[in-house]
Every structure is written in structure tokens, then in C-alpha cells.
Amino acid sequence: MVSHNRVPVSVWFRIIFCVPVFIESQADSQNADQKLNVAFITDAITKGAVCLDGTPGAYYFAKGFGDGINNWMIYLPGGGWCNSKEDCLDRSLNERLGSNKNATTKALVTFQSQNKNINPDFYNWNFIEIRYCDGASFMADVEAVNPETNLYLRGRRIFTSVIEELMSTQGMNNAENALLVGNSAGGLATILNCDRFHSFLPGACRVKCISDSGFFIQAEHLRGAQDNAINKFRKIILFHELAEFLPKSCTQRRAPELCFFPENVVNDIRTPLFLLNSDFDRYQISVLVLPNSTNEVGWRDCKNNISNLPSCLKNNTSNLPCCTENQQQIIMDFQTSFLKTLEKLDDNPSRGLYITSCYAHDFIPYPPYWKGTPTLQNKTIQQAVGDRQFKIYIQLTAM
């Protein structure tokens, strides 16, 4: 169980909706010109390390320098999942999430930046972003290709091939410090691949994992949720044949779909792990857990208008004119369920938490969140992530 007594905890008595102000600083402007060209995995087709549509797996690479030359950050971006033939066929036509047919350049922002003012802890590290084009959080590796669909389910192979290529050609085998970082579906991938990533680098001094908005919960006792998240994850597991690749420590005790939920996996992870999440996770409330009937009058307006702050919401749930009293309570009940899920985690000194109450999903890719709002115990997200000793920061809210 997570103990909130080991470190100070910020307690707030209102729901905080973070509305970042997007102000471009001179440093941001200077850094906007930093672009990386895409690199395709060598012999990707021969290796079978390919996207849903069969195009080669790819990544972006920025070489480290100075005293960061032997430090490495691997980033797994988000982008949801696909869970059926039709869904994955549609995704395979998406040049950002299912294909590398027309992969474009990439700008370096926030935690990726080589500008020391923006990214003081990691600016001179080797940075790699693996393009997400498999629809299963880099977990699938199905050899057979269905001739009816011509879909390739090979995200795990892409991940492995990129790591092996970096080790054999770019010096990652000499890594002293290494971070695996991901957000949303990539944050889930970071959790599920954390120990495996560490196993590639047995000689490194420090290997850690940082998951941003990847702590998806079952919400099994949340009124109205009706196992929505479990059912969605079950479809992903079945379509991508993931059962054999999920942590054995979990699948030996639970159904495979339950082992796609971090709450059932995190306690068995041996590598230091930092969980950054909101207990009012917008994506989970609006899309994944969906603790309400989509047909209820006003629910669509309620969740959509919350996303367009500050036009709909002010300081607390009493100021939610777009949401009924029942809908306001559903939102608060999700937070309660999220925090209760965290309490099931054991006390692990190598695990850190940064749990905010912003109505948001994904933090580290966005400059206003990275170095601005929110702050917990006077720490921005950038400062908490850069701390060598992961700590616990939790913002509690109440009605």
C-alpha cells in the first residue's frame, strides 16, 4: 500500500483544473527549429519489424554530447490502440499511427530538447523516439499475416530491433544512464516493457522508467463503468495475441486482459519507476472507463466542455454548469476510484508518483505542463522527473 506519510503531501480542498497559458519564450522559439529526420530500422522488412501496413519500423535519433554522451532516453509516444480487423485496417491508413509511408521530420520539445534552459537534466543525452505504428503499445509479435487483411502485428519486434540497432551501431551498449519514457499508450508500453528494457542494459549504472498518463485503471467498483475498460483491453489482447507477452507474474494469477492494467503489474516491476498521472484523467473519464451512459442527456456536452476550459468550468464542481449534479458526482467518483487503486500498490522506495488533479491527459510533451502548471510541493513536472531519487507527490482534492 502506498504510504503518504513518507513524504509531505499537498492537500487541496477543491478540484483543480489546470489551464496552461501557452506563451512561447525565446528559448522555445530558438528550439522550434530543431528537427530530426526519420531513420528506418536497418533490414526492417527482412526482420519483420514493420508497421500495421507492412512499412518499415522507424525512429528518430538525436546524438548526445558532452557529459551526456553515454546517457540515453528512449521515448514511446502515445496514440491509443486498435482492437479489431476494421479498426486496425483504418489505423493502417493513418500515416502517424499505423504506417511510416510518409514519415515526416520531428521537432524536439520539452524533455527532448537540446536547449539547456528548457531541458536542464537531459538536454545533452542521446534521444530516441520510436514511431508508434502497431496499435498495441509495442507489445505484439505475431509471425503470421492474415492474407485477408495483410495486417502486421509487430510492435514488440520494432521495439526490440531499435534497441538492438542502437546498441550495435550507436554505442548504447556503453550506456551509463538510461530512461524509458512514454505517454498514454506509450506510458502503458513503458510500464509493460520496463524490466525488459533494463535487461538490454545489464552494465548500466542506472536504468529507470517514466510513465506519463499510462496508469489506466480497471475502475471495477466505479458506479456506471460496467467493465468498459476491461472489455476494451480484452479485445486488444485477443486481436493482437498479446497474452504470451504480458508479465508472467500477472498472467499466472489473472486473466490476460487484467494484466494490461498497470495496477496488476506495477508491484512486480523491479526497475525504478515513476508514475505521472492525473486522478481526473480526461481520457479515462471520457473514453476508456466511460463511467456513464453515452446516451444520457448532456453527458457529451459535459465531458466535451470540460475539455474546453475555462469556458465551462471555474474552480470546483459547484461551478460546472455544463454538467448535471449526477455527472459532477461521477467525475468525483472516478478520482476516488483512482486514488483507491493507487493505495493497492505496495511501498517501494524506488517508485515515485506525481499525481495531480488537473483535468488533463498527457503532460510531458507540452511546454506549459513541463515547466509551469501544475506544481506539487513546489516542484514542477520537469523538476520531479529530473530528480535522481524518485519521490511521491500527490495532490488530494475533496468536495
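Helices and strands are DSSP runs, a helix having at least four residues and a strand at least two, numbered from the N terminus. In the present model, which is predicted, serine 184 is found in the loop between β8 and α5. Serine 184 has a positive phi of about 55 degrees, although this residue is not a glycine. Buried means under 20% relative accessible area; serine 184, at 8% relative accessibility, therefore counts as buried.

Strand β8 (residues 177-183), helix α5 (residues 185-199) and strand β9 together make a right-handed β-α-β unit. The two strands, β8 and β9, pair in the parallel sense over seven bridges. Within this pairing, asparagine 183 stands opposite aspartate 212 in β9.

Strand β9 spans residues 206-212 and is mostly covered, with six of its seven residues buried. β9 also pairs with strand β10 (residues 273-278), again in the parallel sense, over four bridges. Aspartate 212 takes part here as well: its bridge partner in β10 is leucine 276.

Two pockets are described next. The largest has a volume of about 640 Å³. Its lining consists of 27 residues, and Tyr75, Pro77, Gly78, Arg96 and Glu129 lie nearest the centre. By class, this lining comprises twelve nonpolar, nine polar and six charged residues.

The second largest pocket holds about 330 Å³ of space. It is lined by 19 residues, and those closest to its centre are Asp121, Phe122, Trp125, Gly386 and Arg388. The elements giving two or more residues to this lining are β8, β9 and α12 (381-386). Eight of the lining residues of the second largest pocket are nonpolar, five are polar and six are charged.

Two further backbone features lie in loops. Glutamate 241, in the loop between α6 (228-240) and α7 (248-251), has a positive phi of about 55 degrees although it is not a glycine. With a relative accessible area of 46%, glutamate 241 is partly exposed, whereas serine 184 is buried at 8%. The peptide bond from threonine 373 to proline 374 is cis, with omega near 5 degrees. Proline 374 is found in the loop between α11 (367-371) and β12 (375-376).

How values were computed
Residues numbered from 1 in each chain as written. Predicted model: local features only at pLDDT ≥ 70, side-chain atom pairs only at ≥ 80, totals over all residues. Heavy atoms only, no water. Buried < 20%, exposed > 50% of the residue type's maximum accessible area, 1.4 Å probe, protein only. Pairing = 2+ DSSP bridges. Right-handed = clockwise from strand over helix to strand, strands pointing away. 1 Å grid on protein atoms, 1.4 Å probe; cavity = no way out; pocket = protein on both sides within 12 Å on 5 of 7 lines; lining within 4 Å. Points joined across faces, edges and corners; volume = space filled by probe spheres on them. Nonpolar A, V, L, I, M, F, W, Y, C, P; charged D, E, K, R; others polar.
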